[in-house]
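Here are my notebook entries from an afternoon with this model.

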Amino acid sequence: MACSSSTCNSSGCYKGYNEEERKPTTRAAVNGRNSHQNLCVKCKSNEPICCGIDRDDAKFCRDCFKTNIYGKFKQAVTYNAMITPSDKVLVAFSGGPSSRVVLQFVHEMQYRAQRNYDASKDKSLPVFGVGVAFVDESSIHSFSSQEIEKAIEDIRSIVSNLAPPSKELYVVPIENIFSSDGFDGKERLKKLLDAVSDDTGKEDLLIHLQLLLLQKVASENGYTRVVLGSCTSRIACHVISATVKGQGYSLSADIQYVDSRWEIPVVLPLRDCSAQELNTLCGLDGLKILELLNGPRSGINGLVSSFVKVLQEENPSRECTIVRTAGKLTPFHFNRIPEIHDSNVPLATRRRQKRHSLKPNGSLSSESFCPICNSPLDKSNLSSSLSSLGSHQNSDILAAACCSSCQFQILPKEPSLLEQFVSLLPQPLITKANHGDQGDFSLLREQIQDFLLSDGEDEN
Amino acid sequence: MEADTKPKKYGPRLCCICNQRRAALKRPKTLEQICKECFYEVFEEEIHQVIMENQLFKPGERIAIGASGGKDSTVLAYVLSELNRRHNYGLDLFLLSVDEGITGYRDDSLETVKRNELQYGLPLKIVSYKDLYGWTMDEIVKMIGLKNNCTFCGVFRRQALDRGAALLKVDKVATGHNADDIAETVLLNILRGDIARLSRCTSITTGEDGPIPRCKPFKYTYEKEIVMYAYFKKLDYFSTECIYSPNAYRGFAREFIKDLERIRPRAILDIIKSGENFRISTSTKMPEQGTCERCGYISSQKWCKACVLLEGLNRGLPKLGIGRSRGLNSDVKKDIKQGGGTESIESKQCGSLDF
């Protein structure tokens, strides 16, 4: 157990699958704290520091605190086969504490791997590669150009100051999502977002576009993983807001360690670390954070964040409980790293792909996905959307294929506005909807076949 | 709430359903501006549809309405007797009340129920804690204080309701839980990590394997609309919270739901939808159901929870059976919940939930 199990209060030390109750060690730890009032509960030699979770919660000394968090990260990485030696990982970096820590940890892991490589004789295990992507949203937010330049400058210095192996940095404007369409991206993005009347819907659409853009960058540059810094607090907020938006069915897809429904699998190694812990760690280690770019959340998402914050203040392990509850929901088949069958990959690497806790989860049913937010669709949602199919216009078909949440908060209701909205969607999204790498769209088409009047058009 | 029920402007705005009468209110669920008559119609019709689609009742059944005298159960009694007549459900309806023995609260609300008995012509049965258990809530609180008292009340109420229903020989109990209550319960079960209850709390009918199933015809009905209906129809109801339930924790969730409703009315329905669609594996083992050796009530343990609590009271050890201490009765607690209310220690609602 990397993170001295039950002694840490707000951590997600418990794995989602085994409903392990608090072990008697809790008592031992408490006793320990009572007898040595001012010593770290783990090493029992140094003075504990306040890790920001709770004022009375100073349990670990500086080193043990850091080791504990790194341990949670490392455990998530190895148990879920997130990073193997032949991988090339792209770290999504926003400048906030979570992504700063994930960058640091991935870097430390790579640094250790490099040292092992240098020391090894046969060099059979390569060192995984690391890149960093920063999505520049200045075209949507109203920051001054100086602020942005300063922020990007800071990011460059953060990345270049990391010890070798050196890491490529991609600063990508959000409007690049349209680069394959060959239009003025800025203008088009603005129009697309303006077409969404609901504040929450706008915010969520932007998040989907970000993810899509990260996929694009990763895919174009040969990366095999996208690493996100989503921490327990963030995931807890997602659990509640997804529930509030009626996305109960697809929720379990979003909150697992691994999400392979994308071309490049997305991994969340900080799933078990709380925002407070990560903040504290940044403070302790002097990791630089960019405050500027953390835009406030509005609408439903804002309401949910403040609700979760209040709950967390009332009970410091609340976020962790929320994530654990949602962790008990059944994940999807794509919530794991696909097995490497490629015989070109060195055996040593393949052997490294451990999967301790990875049990095959559920059927390999062919899910269909919402073309906007990529969430798996409930069967009932699918059939109910069929009834709304009067015409066979592209925009209508796309709209009918969306999840009910996107239909409500993102798609315009009025047909002509809807058509315009669909025409503005970026190419990668449209491609996904049309061809659907899991054959989702054809599946949908099959089901609506009887309702289509002419079958002459739209033959792929 | 008053602000919403009164028309703000006296412009010539017409009801957007009938297009004839002047709009008198903004419907909380959809924000449509409609007239009173259309409101009554859609309100009642939606409940009728829920009853039909979910086949809540069969012709000839005897149905007890859990009546506390509060707004939800009063409106439920009124609407059910109305629909029963209008659509020939062929139901025998009864009012069933539980007298917990709380002076200044239940005695007053029971007066309301007694008036309802006459107003709607529904026979009323009152079962009291004093008769069933030998203790009133007043006496229990005097002994154990204001902490955990809701655990006693919740456990006792569930059983009292079932016993009352058995005395009336009814086939089913209908309770007044509304959409807000259910959405709130979904959230609370997530916050609390209770996956077993999370999977059950959105079912419209519960306890079908038990002696007397319960159903919630107001599952999709907004609390605000219930209040509005009662207000316009000038129904006689009692609206004071239980004097023993401070409700801090549930209050958070309730407040949150009201905030959500303000910016997105459909959020309440979306939460219920999420609750229905959560992917929860059905292989989770359920406690085996048996009967209490002492009183014969359904129980997964040797003794039912009520008997354990009662034994504690009678022996002067009121802590007996409270908390998860032995894990022995934690399973029983799961059963308690099925009415939608959550009678656990930190969170409970005795006042505005009707059983």
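**Entry 1: ground rules.** Buried area, as I use it here, is the accessible area (1.4 Å probe) that two parts lose on being put together, summed over both. This is a predicted model, in which local features need pLDDT of at least 70 and side-chain atom pairs count only at pLDDT 80 or more, while totals for chains, interfaces and linings use all residues. Residues are numbered from 1 along each chain as its sequence is written, chains are lettered from A and ligands numbered from 1 in the order in which they are written, and side-chain values use heavy atoms, with hydrogens and water left out.

**Entry 2: domains of chain B.** I looked up the domain bounds, which come from an automatic or database domain assignment. Chain B splits into domain 1 (39-277) and domain 2 (290-339). For the contact (heavy atoms within 4.5 Å), I noted 27 residues from domain 1 of chain B and 22 residues from domain 2 of chain B. The centres of these two domains, taken over C-alpha atoms, are 23 Å apart. Together they bury about 2300 Å², with 66% of it on carbon and sulfur atoms.

**Entry 3: domains of chain A.** Here the assignment gives domain 1 (60-364) and domain 2 (379-451). I noted 21 residues of domain 1 of chain A in contact with 14 residues of domain 2 of chain A. About 1600 Å² is buried between them, and carbon and sulfur atoms give 63% of that. A:Arg188, A:Leu192 and A:Leu212 supply 25% of the area that domain 1 of chain A buries against domain 2 of chain A, more than any other three residues. The salt-bridge count between these two domains is again 0.

**Entry 4: α5 against α16 in chain A.** Helices are DSSP runs (H or I, at least four residues), numbered from the N terminus. Axes are lines fitted to C-alpha atoms over the stretch in contact, with angles from 0 to 180 degrees between N-to-C directions. The axes of α5(A) (residues 185-194) and α16(A) (residues 415-424) come within 9 Å and cross at roughly 145°. On the α5(A) side I listed A:Arg188, A:Lys191 and A:Leu192, which meet A:Phe421, A:Ser423 and A:Leu424 of α16(A).

**Entry 5: chain B against chain A.** B:Arg264 pairs with A:Asp198 in a salt bridge whose closest N and O atoms are 3.2 Å apart.

**Entry 6: salt bridges overall.** The count over all chains comes to 42 salt bridges. One of them joins A:Arg62 and A:Asp285, with the closest N and O atoms 3.9 Å apart. A:Arg62 lies in helix α2 (residues 62-79) of chain A and A:Asp285 in helix α9 of chain A, so the pair ties together parts that are 223 residues apart in sequence.

**Entry 7: α3 against α9 in chain A.** I ended with the axes of α3(A) (residues 97-119) and α9(A) (residues 275-285), which come within 9 Å and cross at roughly 65°.

Methods: Helix = DSSP H or I, 4+ residues; strand = E, 2+ residues; numbered from the N terminus. Salt bridge = Lys/Arg side-chain N within 4 Å of Asp/Glu carboxyl O.
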